[in-house]
Amino acid sequence: MMASVVGKKERKKIVFPSKKELSEAMAKYTANLSAKFCKERGYFTLVLSGGDLISWLSELLKPVYQESIEWSKWHIFWVDERVVPLDHKDSNYKLAFDGFLSKVPIPVANIYAIDQDCAALGDAKGAALLYEECLKRLVNRNIIRTYKSSGFPQFDLQLLGMGPDGHMASLFPGHYQIKDKANLVTYITDSPKPPPKRITFTLPVINCASYNLMAVCDEAQADAVAKVFQDNFDLPSAWLTADVEAIWFLDQAAASKIPKEH
């Protein structure tokens, strides 16, 4: 019962006519939070995921954002990563670098990919341990804040996506990683979606973020979106909350099966 109440209280949505309007709104949302946190703290910690998200982020390459955003203060992380070489086509790092990061002046030292040796060797456990150590170091340097009660890392903004099965990050339905509350980063070696080896933030870390934006487009996700908004907690994405705001950006196709009362 408590999970249901929490979910309904904190889950917001905006439905856009098309992917174009969604991507424009996501760019504006990100830029506004960048300005807020750069002013307040001198840093902006942004967590990326894979999939279509990077192509939608390309709105930030427009001159209005290129000129106004304080790129030197950005610090980039990944909510999950495939444990493949960093130049592999399945790498979320490569996707983000080719489509976005190589086109903006974020310092290379502020981009935190998984350990390249673990990635090349396919060592998921090692990659998870080293990424967790990386987060702890940045907490100690006050680049990443900590959540007030738990002491977990608190990111400024995470940009997330959801699969047709309702998974987010690499937290999949029916897999134990969704229940991990002890670690910051965990790993999976039998992902139902290839490639099988991945690392992922645990649910407490995801939900400690100040702002979580879940962007979902297309009819393939419509059934899962409807289940989330009916509080079906078998789907990992239904557990998404945030410290300040958890908001879902949906196109009309993805939102098409949400019951009217939601």
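Here are some notes on this predicted model, point by point.

1. Ground rules. Residues are numbered from 1 along each chain as its sequence is written, and side-chain values use heavy atoms, with hydrogens and water left out. As the model is predicted, local features need pLDDT of at least 70 and side-chain atom pairs count only at pLDDT 80 or more, while totals for chains, interfaces and linings use all residues.

2. Look for an open sheet with strand order 1-11-10-7-2-3 and parallel pairing. Strands here are DSSP runs of E with at least two residues, helices are runs of H or I with at least four residues, and both are numbered from the N terminus. Two strands pair if DSSP finds at least two bridges between them. Strand 1 (11-16) and strand 3 (74-78) are the edges; each has a single partner strand, so one side of each lacks a neighbour in the sheet. From one strand to the next, the twist averages 20°. Axes are lines fitted to C-alpha atoms, for helices over the stretch in contact, and angles run from 0 to 180 degrees between N-to-C directions.

3. Strand 1 is joined to strand 11 (residues 245-251) by six bridges, and the two run parallel. If you want a spot to look at, valine 15 stands opposite leucine 250 in strand 11.

4. Four bridges hold strand 8 to strand 9 (residues 198-201), with the two running antiparallel. Tyrosine 187 has isoleucine 199 in strand 9 as its bridge partner.

5. Isoleucine 144. Buried or exposed, this isoleucine 144? Isoleucine 144 has a relative accessible area of 2%, so it is buried; the cut-offs are under 20% for buried, over 50% for exposed and partly exposed in between, with a 1.4 Å probe and protein chains only. The residue is in the loop between helix 7 and strand 5 (145-146). Leaving out residues up to four places away in sequence, isoleucine 144 touches Arg41, Thr45, Phe77, Leu135, Leu138, Val139, Pro153, Gln154 and Phe155, where contact means heavy atoms within 4.5 Å.

6. Stacked rings. The structure holds 16 aromatic pairs. Rings of Phe, Tyr and Trp (its six-membered ring) pair if their centres lie within 6.5 Å; planes under 30 degrees apart count as stacked, over 60 as edge-to-face and the rest as tilted. Phenylalanine 77 and tyrosine 112 have ring centres 4.7 Å apart and planes at 10°, so they are stacked. That pair links distant parts of the chain, 35 residues apart: phenylalanine 77 sits in strand 3, and tyrosine 112 in the loop between helix 5 (92-99) and helix 6 (116-121). Phenylalanine 77 and tyrosine 112 are both buried. Phenylalanine 155 and phenylalanine 201 also stack, at 5.4 Å centre to centre with 15° between the planes. Both of these phenylalanines are buried too.

7. Phe16, Tyr29, Phe37, Phe44, Trp71, Trp74, Phe100, Tyr211 and Phe249 are linked into a cluster by ring pairs. Charges turn up over rings as well: arginine 11 lies over the face of phenylalanine 229, 5.5 Å from the ring centre, and lysine 36 over that of phenylalanine 37, at 5.2 Å. The test is NZ of Lys or CZ of Arg within 6 Å of the ring centre and within 35 degrees of the ring normal.

8. Aspartate 156. This residue is in the loop between strand 6 and strand 7, and it counts as buried at 0% relative accessibility. What does the side chain of aspartate 156 make a polar contact with? The partner is the side chain of arginine 41, at 3.1 Å. A polar contact is a pair of N or O atoms within 3.5 Å; within protein, one must be able to donate a hydrogen and the other to accept it, and residues adjacent in sequence count only if both atoms are side-chain atoms.

9. Helix 9. Six of the eight residues of helix 9 (residues 222-229) are buried, so the helix is largely enclosed by the rest of the structure. Its cover includes strand 1, strand 10 (211-216), strand 11 and helix 10 (252-255). Just after helix 9, aspartate 231 takes a positive phi of about 60°.
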